[in-house]
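Hi,

Here is the structure I said I'd pass on. Have a look first, and then read on for what turned up in chain B.

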Amino acid sequence: MNELDDEQLRQMLERLRRFALWLTREASSADDLVQATVERALSRRGQQREDASLRAWLFSILYRQFIDGKRRERRQARWLAWFGCSEEAGSNTEDIVVAQLGLAAFAQLPTEQRALLLLVSVEGLSYKEAALALDVPIGTVMSRLSRARAAMRELAEGATPPPALRRLK
Amino acid sequence: MSLIPSEHELHAYVDERLDSERRRAVELYLAANPEQAARVEAWRNDARQLRAALSGFAAQAPNPRLDPANVRRELRRRRQRRWASAAVLLLTLGIGGLGGWQVREASLLASNPPMADAVQAHRLFADAKALDLSAQDPARLQAWLGQHFAHVGTLPDLSAYGFTPLGARLLSNEQGPAALLLFEDARGQRVSLFLRSPGEHYARMPSGERTDGQLQARYWSRGDYNYALVSAASDRRGEQLRQALGITL
């Protein structure tokens, strides 16, 4: 059982924020997500699995929180719809930023593919770590990676030169 | 070992997850298959682009709220608050419960004045002709009492106050047996002595007296029993009788 020290966590903060930002595509909720992750990591430091590296463990906490949050949101939306209020769709990361950085294709990928590409291509996690972080079997990681890259290609080729991103409804 | 790498291996190649032997094999394969090489190169490019684009996001303005030390403090504060509110809740429940209990007790006592059964028994049986025991002899009364109430004391001689025993009646209530002992003076004025085991509302019944209509009840506890002397409210000898009974019983 290893005491999670603050310095290790602090070093992971920016990576967690980046991951959260591209999951939520909203700066403020991204930081809420990171805060919740740090809280959970601190209060459950004994639960880190032996075979999981610290970063895979942290990413897995964050991803789980994100998924749970999404589920809650959907439930809330259903309730709101039931009572006749329709919720304004949350604003995504500024389209301009996305377009500028040539991330149009990436931004359009489904969440799970985005999460995987972030972990593997950007954060440099091994497939095994990514599988732990996303809580899926390694076979799923491989096939999802394959699909994600193919989808990314398709989107990029279909949109060359990248036009201003249209918001997907 | 197969010469044609699998799709997974191509991805592993892009992500540099192959051992050197397989990497060489993939490189050889790609050199011979430009179409596949182009696919792989495109993936690699995408990954590179993504890395480059997102590296900027790592340099966001730090958010002090996220610092572990701060989160730790916040967690501690929240835990303390939770404890505090739990304590407040408990206290509130406790006060409410205690208050409610006391109100219950008070209203129970109000609706069950001490030794109400004694007064009731006197009303019902003081004029009765049929008694379980008719005895003018104090010794017989004492013996009868001893049969039913093992720990009872000695009945005093009330003749000094003009009262002689008339008899007794055995009663019962929720607490078990109770007895009504009747005494009469020369003019036919009757008083009764009631005794029983303590009831649930008056486990430790204080001594006292109260007037209930025409009747006066003087009650006290001694040993295992509660006693009440019920007399007419106008009868001045009540207090003296009460004192005499209290000494020996």
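Let me start with a turn. The hairpin of β3(B) and β4(B) has 5 residues between the strands, and there B:Gly188 takes a positive phi near 90°. Bear in mind that this is a predicted model.

On to the strands themselves. β3 (residues 176-184) and β4(B) pair in the antiparallel sense, with 7 bridges between them. If you want a spot to check, B:Ala178 stands opposite B:Arg196 in β4(B). β4(B) also pairs with β7(B), again antiparallel, over 5 bridges.

How much of β4(B) is buried? The strand is mostly covered, with 6 of its 7 residues buried.

Then there's helix α7 of chain B, residues 238-248. Its buried residues are B:Gly238, B:Leu241, B:Arg242 and B:Leu245. They sit on the same side of α7(B), because they cover an arc of only 100° around the axis.

What do the buried residues of α7(B) pack against? Their partners are three strands of chain B: β4 (190-196), β6 (215-222) and β7 (225-232).

Cheers

Note on methods:
Residues numbered from 1 in each chain as written. Chains lettered and ligands numbered in written order. Predicted model: local features only at pLDDT ≥ 70, side-chain atom pairs only at ≥ 80, totals over all residues. Buried ≥ 20, exposed ≤ 12 C-beta atoms within 10 Å, placed from the backbone. Helix = DSSP H or I, 4+ residues; strand = E, 2+ residues; numbered from the N terminus. Arc of directions from axis to C-beta. Contact = placed C-beta atoms within 7 Å. Pairing = 2+ DSSP bridges.
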